[in-house]
Amino acid sequence: MLVSVFLPSTTRDLGRMLSSQKKYLVIINPISGTSRKTSLPELAFNMLSDNDSELYFVYTNGEGHADRIIKDIAGQGFDTVIAIGGDGTINEVADAVRTTEMSLGIVPMGSGNGLARSLDIPLDPEAALEVIRRGYVKRIDCCEADGVPFFVTFGVGFDAQVTASYDQKNFRGPLSYVLSTVDQFIKHKSSLYRLHLNGEVIEQKAFLVTCANADQYGNNAIIAPDAELDDGLFDVVVIRDMSLLKAPKVAISLFTKRVDESASIDIYRTNHLIIEREEEGYAQVDGELIELGRCIEITIQKQQLPILVPQPKS
């Protein structure tokens with residue numbers, strides 16, 4: 001029999017409520033970009049009930065709440081944590097889950113949905129829950145930028161400025177992202193970067209430096225077409241200093257999966273990178289804006305996160 005319980009902010013006393021059946025903890029961000037969030041608990045209940053499972057639901061109340069919840073229930077018999085929300089919520093839940101014995105399920109409800117799109121997880125909630133119900137697990141890599149985790153992309157320069165511009169838009173989605181991209185291509189000035197990777201030091205004036213664990217930022221803006229989420233490597237994409245005449249062509253290439261064909265772009269593959277830049281400032285981590293120093297170290301942990309994905313057709 002399936003049992004549905006809405007959890008309070010603390011889950012300290014949850015252990016004695018559990019039985020031997022499969023257990024899901026469903027974490028919902030109530031302010032994510034969806035109009036269906038009120039019906040999701042019922043949908044999840046109906047979709048997962050044939051597993052003879054227990055579902056426990058909790059709504060987050062701010063940054064760091066999901067992390068605290070997962071730490072509270074670790075070791076209490078849960079099999080899967082389901083994250084319902086946008087890229088920021090997914091990143092926080094994934095970071096907490098990767099150090100446990102639990103797997104991550106995703107119901108994408110954000111504006112970019114970079115990790116979900118890269119893993120072919122459906123954007124439709126019912127279809128995403130069906131992926132979770134089927135239970136096929138893939139282990140993916142986790143990267144860190146000065147200890148800050150990311151599973152999709154990290155970037156300094158232009159893409160960080162795009163993130164700042166996108167955050168200020170009154171509406172979200174692909175059109176808003178394209179407008180932010182074009183706007184920042186016109187405004188953004190290149191900077192000098194020194195990259196330490198694969199035993200080399202590369203000094204380059206660049207529009208951006210992006211570390212891509214996945215192939216895209218989100219919204220199907222493909223920055224690293226050949227990036228793999230489980231190979232223990234990340235792609236370092238450098239868009240060199242360019243004229244305004246070239247900018248629209250490069251921007252269009254992001255949405256046509258041909259960015260690697262541009263003469264203005266270099267792509268390297270590595271498992272360790274140190275970025276030196278002219279000054280401290282903004283960076284983007286899975287679409288969230290943060291501030292870091294002049295020298296940034298990027299590392300990767302291979303196949304650290306078990307995540308529920310569509311089963312390969314083969």
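Mentor: The account below begins with the salt bridges and then turns to strands, cores and spaces.

The model is predicted, so local features need pLDDT of at least 70, side-chain atom pairs count only at pLDDT 80 or more, and totals for chains, interfaces and linings use all residues. Residues are numbered from 1 along each chain as its sequence is written, and side-chain values use heavy atoms, with hydrogens and water left out.

A search of the whole structure finds 10 salt bridges, a salt bridge being a side-chain nitrogen of Lys or Arg within 4 Å of a carboxyl oxygen of Asp or Glu. Glu 130 takes part in a salt bridge with Arg 133, where the closest N and O atoms are 2.7 Å apart. These two residues are three apart in helix H5 (residues 125-134), and about one helical turn separates them. Helices here are DSSP runs of H or I with at least four residues, strands are runs of E with at least two, and both are numbered from the N terminus. Glu 130 also forms a salt bridge with Arg 134, with the closest N and O atoms 3.0 Å apart; this pair is four residues apart in helix H5, again about one helical turn. Arg 133 is partly exposed, with a relative accessible area of 24%, whereas Arg 134 is exposed, at 63%. In these terms, buried means under 20% relative accessible area, exposed over 50%, and partly exposed in between, using a 1.4 Å probe and protein chains only.

Asp 266 and Arg 240 meet through their side chains in a salt bridge of 2.8 Å, N to O. Because Asp 266 lies in strand S12 (residues 265-270) and Arg 240 in strand S11 (residues 234-240), the pair ties together parts that are 26 residues apart in sequence. Asp 266 is partly exposed, with a relative accessible area of 24%, and Arg 240 is partly exposed at 22%.

Two strands pair if DSSP finds at least two bridges between them. In this pairing Arg 139 stands opposite Pro 306 in S16. Strand S13 (residues 272-277) also pairs with S16 in the antiparallel sense, over five bridges, and there Ile 274 stands opposite Glu 297.

The largest nonpolar core has 50 residues, among which Leu 25, Ile 27, Val 93, Leu 104 and Leu 115 touch the most other members. A second, separate core of 23 residues includes Phe 154, Tyr 193, Leu 197 and Val 238. Such a core is a set of buried Ala, Val, Leu, Ile, Met, Phe, Trp, Tyr and Cys residues joined through side-chain atoms within 4.5 Å.

Leu 115 also lines the largest cavity, together with residues including Asp 87, Phe 151 and Asp 286. On a 1 Å grid over the protein atoms alone, a cavity is a set of points where a 1.4 Å probe fits but cannot get out, and lining residues have an atom within 4 Å of a point. Helix H3 (residues 87-97) gives the most to this lining, with four residues.

Key: 1 Å grid on protein atoms, 1.4 Å probe; cavity = no way out; pocket = protein on both sides within 12 Å on 5 of 7 lines; lining within 4 Å.
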